[in-house]
Each structure stands twice: as C-alpha cells, then as structure tokens.
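Work through the exercises below with the structure open. Each task is followed by a stepwise solution.

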Amino acid sequence: MCLIKLVVFDLDNVIIDGEGIDEIGKLVNVEDQIAAITEQAMQGELDFETSINQRVELLKGASVDDIKKLADEMPLMAGAKETISSLKENGFDVAIISGSFDIIANTIKEKLNVDNIFTNSLVEDNGILTGEVIGPLVSGSKLDVLSDFIETAGYSLDECVAVGDGANDISMIESVKYGIAFNAKPALKETADIIVETRNLTDVLDVIINLDSYNTEEGADVDKEVAVETEVVEETADVVVENQDEQVADATEDVVEDVEEIAEDEASEDADEEESVEENSEDESEDADEEVASDESVEDESEDADEEASEDADEEVASDESVEDESEDADEDKNAKSSKKSKKSKNTLPEPVDFELADTIEGVKAQKDEREELITKITGERDSFNKEAKEQRKIRDALNLELKENLAKAIEFRDQRNEINKKVEESKKQRNKVNEEIRNLEWSSGKRDKVKLENEIKKIDKIIETRVLDIKKENQLVKNANDLRKQLTGIKEDDKVKEQADKLKKESEKFHAKVVALSEQAQEAHENMLSYFRKTDEIRTAADEAHKAFVKAKKAAAAKHEEFKMVLSEVHVINKKLGGNRSRKRKSHKSEGSPAKRNREEKEKAEVIFDKFKNGKKLSTEELLLLQKYDIN
C-alpha cells in the first residue's frame, strides 16, 4: 500500500467560499441564470462541457479588470490557509484542478502559495469577455488533467487524495486512492470514500493526516518526500496491542502482575482449603480411634468398625495431601497459627441429621454394615475428585508459566520495535531535511516554473492540433502559447544549482533506503509481538478453563468429605449404642495400635533423639534406625 503524496482540491466551494462564475455573473446581472445551470451540472443533470459553454456565453461583455478585482476579494473557505500550509509543511504536494478560470485561480495561487493549478481560460478581446472559454477542462475531465499531471510528476493515482463537492469531480474522486466529498452534492457523496459535512477545511486536513498514517501502518512504501511511515509502526502497534489485551502494549506489565497475583491468590486459597480438609481428616482419625464398643458380645464387630473408620480417615489425610498446593510452605508461621485455630473449631464431627437407631441389636448392626459400605464408596468418590483437582491444577500452573513466558517475548519484541522506530525517525528527519534543501534549490533555480510552463504549452499545442476551433479561439490559444514561450525563454536553470540538487538527491535516496529497511525491520518485530500476544490470549483462555475445572473438582471433593463426616458421625452413634465407652486400658491399647497415632509418636521420639544426638549423646542401633526411618538428619 502506497503513502499519500499528492492532495488535489477543487476550487469553487472548496478552496474559495463561493462559485467563481456565479460571482462574475453578478457583474453583468445574469447570476440567476448561471446559478440555475450550475446547479444542474453539480447535481449531474447536465454534462460539464455543455454547462460551462452555456454559462460563459452569458458572461459576454464582462470587464476583465472588474473580474480581477472580484477575484482579489473572493473569500477563502474557512481553514483553507491552515490546511494548505500544513499539508505542504508535512511534505505533501498540493494541486488545484477546477473547471473555473485562471483569472480567479491565479489570485488564489498567490495567496496560498499553491504550486500546481489547472483551470480553463476566458477568451477576451480588448479587456472584454467574448463569451467563449478554452482549456483542458472544457471537454476533458478532471481525471484526464490529473492523469497527465501525475505522469509528469512521477506519482500514481494510488498516491493521491482528491477533495471535491460536485458531479464534475466524480471521475477524479472515483479514481484516486481516497476521494473526499466536502460539503458535497448527493451525486458525489454516493461515490466518495469519505464525507465531510462541515465547511471548514481543517476537518479535511485531519482526515488526510489520519489516512496517511493508516497507509503507513499497513506497511506502505516510503516516498522520498513524505515522511510519516515511522509513526505508523509505533502508533499502530500500540493501538493493536491495546485492542488485544486492553489488549496489550502499554498494559502488558499490568497483565503480568495480574497473572502473578491470581496465581498467588489461588495457591493461598488452595493451601488453606486443603489444609483444612487435612486437619479435619486427622481429627476424625483420632475420633475414630477412640470410638469403641465395650459390650463383650459385640466387641469384635465394634473393633472392626473402629479400625475401618480409622483407616478411612488416614486415607483421607493422604488423598488430601495429594492436592496440597506448592505455596503452603510460604508464610509458615501464619499457617501454623491458622492450623491451631482450625483444629480447635473443627475437631468435632457434625451431629447426625434425621438419623434414628434401629430398635434391635441386629438392626443396629445392619445399620453399621450399611454405613461402612457407604463410607468406602464416598471415600473412593472423594479421592477421585481430589485426583482430578490435582491434575487440573498442574495443567493450570503449567499454562500460567507459559503465559508469562509469552508475555515476556511479546514485550521483548515491542521494545525491539520501539528502538528501531527511533532510528527510523532519525533517518526520516535527515531525509526530510535534505528534501527541503532540494525543494528550496529547485524553487530558486526556476526548474518548477520551467516544467509548468512547458506542460501548459504542450496542452495548448495539443488542443490546436486535435480540435476544430473557430478562428478567434485558435488565435487566442496561439497568443497564450506564445506568451508562455516568452516566459519560458526568460527562465534559465542554474547549472551549479542543478549539480548541487543532484548531489542532495543522492543523499536523500540514501536516507530513504535506510528508512525503508528499518521500517521493514520494525514491521517484522511488530508482527512478532502481535503473534505472541495472540498466543497469550489463547493460553490464558485454556488456563481459565483448567482453573474452572480445578475449582469444580475441589468443591466436589469437599462436598464428598462433608458427606463422609456425616456418615462417620452416624457410625459413632451406632458404636455407642452397641457398646458404650471402653475401659481406659482398652482405649489406650487401641490408641497405641492406631497406625497414624503410632507414627506421630515415633516421629516425635525420633526428633527428641536427634536433639540429644546434636548435644553429644551416643545413639543405639535402634535409635539410629528410628532416625533413618523418618529421614531426620
């Protein structure tokens, strides 16, 4: 996609606030007839050649001096000076192509310092209009004139923006890269790319600047006299990134922080909940160990029930530990205090709800068998949910790690792009500085005036050669061409200036090549950045899904654990019914036989032995084996 290099304006009701031919018509009191014909032409109801000939014929007898005075007083459109000046300062070439007349356009040219103006000419005789008109825009279209001009200037239609308001602008508006309808008639609005409804040209200026930036963002080629490509890579990249993570560029650091905070919150939450489940399981294990039956007739069954409940509780501790989050080591003191508090508040089983014991011992035994089977089933389901939670957490954590890595790569490419853009900007400034020197040299050398005069002479000669004209029109054209040739002979291009300009052009081309190369590098870095940000979004979505699955499984496991506790509380009620409280001797024996409690006591003993060993005590073989068993060193 090409950059914008040339901006072409219509004259009447665009550059000047009014219709030139209507104002001339007022001098000979035919403004109403002219306005009616003009309106037909602007609406597309009358072809331009017919309308211009009809209107000019009505001007017959008008004084050329009066028209020149009128031209000097013709008001400019609001914002015209600022717009033309700003466009030129930003490196755009500006041209005016109008079916109006040079007698008005030349005055506007001087006021606005416009380099290229193409209009028609009113035929005069001794300072009075004859009612005839000649010029390239009588029978030719504005597109014809524009095509001839850009061929000479070395532009293409894809590098042009055209601004008009009427039907005679359609051919030009349709053919250029962007056609702007400025306070235009409906016929033109239908074909224009952009519509500006105000009557202030600075609104058009804003549109053109934005269009030029947009072109550059799409990876446009860089013109030797237009320097806006670098802003594109910078501005577009930031905007695209913002649209993606709201979307990505300058908010990237915030995203990283959010990911880290979420991970920390989730880890802390996981650790708290899992620790709570673990403590409950341990307390229930102790309760199950102490829960016994003293009745000799049911002593064996009671012992079996207690042992099974104890084993279930121990398994619960192990299964909950499988979901233990890696963050539980952090803030150890705080967790320890929280653990003690949790034990005090959660060391009892819930009261059975809607549970009634059977009337007979056999019935109670049957209730006990039923609940022991239920405990086994619930424990298996709970363990399954805990396993699923663990797997989903691993997936989530791996995705979060990958997410951070992708964000880091995206930031790396963004920084790389921005550094390249700084170099592009510097090369662009150097190139534009040289281009400005070239323009000043060419202006002072008369080259532009010479080229313009040569082009105007060629057009007049072409009209004389290819058209059948009456003698008056032909004489007028010959006279105009001769006048231009006289002006041409008076222009001499300075050879030294030309040599200096050629040298500067080579220097400009060098900077231009550097700008293009660096812009391509910046664009490549920009594309890499966007690729990593897009991948980041995909990873984040997957991580969110894994986290939802983790939370769902964790909640299901917690629900099953509550169900387990409720059934266990019913088992305790049953045990009391079957045997009451055991003797302290029996309870102590049972407690000592509990694997969980025995392991804790052995570990505590091993820690005491290790403390004594550090203070110089010699250890027996049994004591060394105990230290080895619990890996205390």
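The model is predicted.

**Exercise 1.** Which residues of helix 4 are exposed, and which are buried?

Solution.
- Step 1. Find the exposed side: Asp65, Lys69 and Glu73 are exposed there.
- Step 2. List the buried residues of helix 4: Val64, Ile67, Leu70 and Ala71.
- Step 3. Look down the axis of helix 4. The buried residues fall within an arc of 115 degrees, so they line one face of the helix.
- Step 4. Identify the cover. It includes helix 1, helix 6, strand 3 (116–125) and strand 4 (128–134).

**Exercise 2.** Describe how helix 1 (residues 20–27) packs on helix 4.

Solution.
- Step 1. Take the geometry: the angle is about 130 degrees, and the axes are 10 Å apart.
- Step 2. Classify the angle. Angles from 65 to 115 degrees count as roughly perpendicular and those over 145 as roughly antiparallel, so helix 1 is oblique to helix 4.
- Step 3. Assign the hand: this crossing is right-handed.
- Step 4. Name the contacts. Glu23, Ile24 and Leu27 of helix 1 meet Asp66, Ile67 and Leu70 of helix 4.
- Step 5. Sort by class: four nonpolar, no polar and two charged residues.

**Exercise 3.** Describe how helix 4 (residues 64–73) meets helix 6 (residues 102–112).

Solution.
- Step 1. The axes of helix 4 and helix 6 come within 9 Å and cross at roughly 35 degrees.
- Step 2. The crossing of helix 4 and helix 6 is right-handed.
- Step 3. Helix 4 brings Val64, Ile67, Lys68, Ala71 and Asp72; helix 6 brings Ile103, Ile104, Thr107 and Lys111.
- Step 4. By class, this contact has five nonpolar, one polar and three charged residues.

Notes: Residues numbered from 1 in each chain as written. Predicted model: local features only at pLDDT ≥ 70, side-chain atom pairs only at ≥ 80, totals over all residues. Heavy atoms only, no water. Axes fitted to C-alpha atoms, helices over the stretch in contact; angles between N-to-C directions. Helix = DSSP H or I, 4+ residues; strand = E, 2+ residues; numbered from the N terminus. Left-handed = near helix turned anticlockwise from the far one by under 90°. Contact = heavy atoms within 4.5 Å. Nonpolar A, V, L, I, M, F, W, Y, C, P; charged D, E, K, R; others polar. Parallel < 35°, antiparallel > 145°, perpendicular 65-115°, else oblique. Buried < 20%, exposed > 50% of the residue type's maximum accessible area, 1.4 Å probe, protein only. Arc of directions from axis to C-beta.
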